[in-house]
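Please look through the sequence and the model below before reading on. The paragraphs after it are meant to be read with the structure open beside them.

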Amino acid sequence: DLSPESRALQSEKIRVHLDEWTHWQEAVAACVFSPMATEPDILTPWPEEKKLLFPRVDGECLRLHHVEVRTQLRSGAFSLLEPESNLPEVKAIADVILVPGMAFDLCGKRLGRGGGYYDRLLTQFEGVRVGICFEEQMVTDVPSEAHDLGVQFLITPAGIFPCGGQNTPSDSVE
């Protein structure tokens, strides 16, 4: 229920935390996402200093593509901006993956939208897993199953939070 103005302001605060974070500063390649209307937009301004990998829905999977400029994104599945289908697919090799969700808890558990797209992608990913959300999306406990893979950090307008739990390695904020 955030107004567009509030969403933009809170997204900007998240982006400031992200830009100041050591993991992001040191990352050469980052897997990012085009936000739904209810999710933070961390792509404004465009992070030009990074190799950006964007997901594209292909059946039940997310395929990653290197996107150099915003104009290489087109409306795709779920009306989200996705890489043009003619861009070469790349492996899930990046230093950081930014993960959207409907809700997160401080153990790093994530509630997705039910398709399992990110659950399948995260099993292939070896970099730092970061949940990006508004504070209204943080809850006490997210139900999870054995196959769910959580995030190691959460970034909200209030700051960066390391997550603990059985399926998320502990890391420092730096």
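What follows goes from a helix to the sheet and then to some individual residues in loops.

This is a predicted model, in which local features need pLDDT of at least 70 and side-chain atom pairs count only at pLDDT 80 or more, while totals for chains, interfaces and linings use all residues. Residues are numbered from 1 along each chain as its sequence is written, and side-chain values use heavy atoms, with hydrogens and water left out.

Helix H1 covers residues 4–20, and its 17 residues should span 24 Å at 1.5 Å a residue, which agrees with the 24 Å between its end C-alpha atoms; the expected span is 1.5 Å times one less than the number of residues. Within H1, the residues Gln10, Ser11, Ile14, Arg15 and Leu18 are buried, where buried means under 20% relative accessible area, exposed means over 50%, and partly exposed lies in between (1.4 Å probe, protein chains only). Viewed down the axis of H1, these buried residues fall within an arc of 150 degrees, so they line one face of the helix; the arc is that of the directions from the helix axis to the C-beta atoms. An α-helix has 3.6 residues a turn, so residues three or four places apart point the same way. On the face of H1 turned away from the buried side are the exposed residues Glu5, Glu12 and Glu20.

What do the buried residues of H1 pack against? They pack against helix H2 (22–26) and against the strands S7 (96–99), S10 (128–132) and S11 (153–156), with contact meaning heavy atoms within 4.5 Å.

The sheet itself is open and is formed by 8 strands in the order S6-S3-S2-S1-S7-S10-S11-S12, with mixed pairing; two strands pair if DSSP finds at least two bridges between them. At the edges stand strand S6 (89–90) and strand S12 (159–162), each with a single partner strand, so one side of each is left without a neighbour in the sheet. H1 packs on this sheet, touching S7, S10, S11 and S12, and its direction makes about 135 degrees with that of S11; axes are lines fitted to C-alpha atoms, for helices over the stretch in contact, and angles run from 0 to 180 degrees between N-to-C directions.

Strands of a sheet pair through backbone hydrogen bonds, either parallel or antiparallel. S11 and S12, by contrast, pair in the antiparallel sense over 4 bridges, and a hairpin joins S11 to S12 through 2 residues. In S12, Ile160 is the bridge partner of Ile155, and Gly159 is that of Thr156. From S11, Phe153 and Ile155 point one way and Leu154 and Thr156 the other way, and all are buried.

Is Lys109, a residue of a loop, buried or exposed? Lys109 lies in the loop between strand S8 (103–104) and strand S9 (110–111), and is buried, with a relative accessible area of 18%. Its side chain joins that of Asp141 in a polar contact of 2.5 Å and reaches the backbone oxygen of Val142 at 3.1 Å. A polar contact is a pair of N or O atoms within 3.5 Å; within protein, one must be able to donate a hydrogen and the other to accept it, and residues adjacent in sequence count only if both atoms are side-chain atoms. Not counting residues up to four places away in sequence, Lys109 touches Ala103, Phe104, Asp141, Val142 and Ser144.

Backbone geometry comes last. Most residues other than glycine have a negative phi, and most peptide bonds are trans. Thr44 and Pro45 are joined by a cis peptide bond, with omega about 0 degrees, and Pro45 is in the loop between strand S1 (29–31) and strand S2 (51–58). Phe78, in the loop between strand S4 (73–75) and strand S5 (81–83), has a positive phi near 60 degrees and counts as exposed at 53% relative accessibility. Ser79 is also found in the loop between S4 and S5; Ser79 has a positive phi of about 60 degrees and is exposed, with a relative accessible area of 64%.
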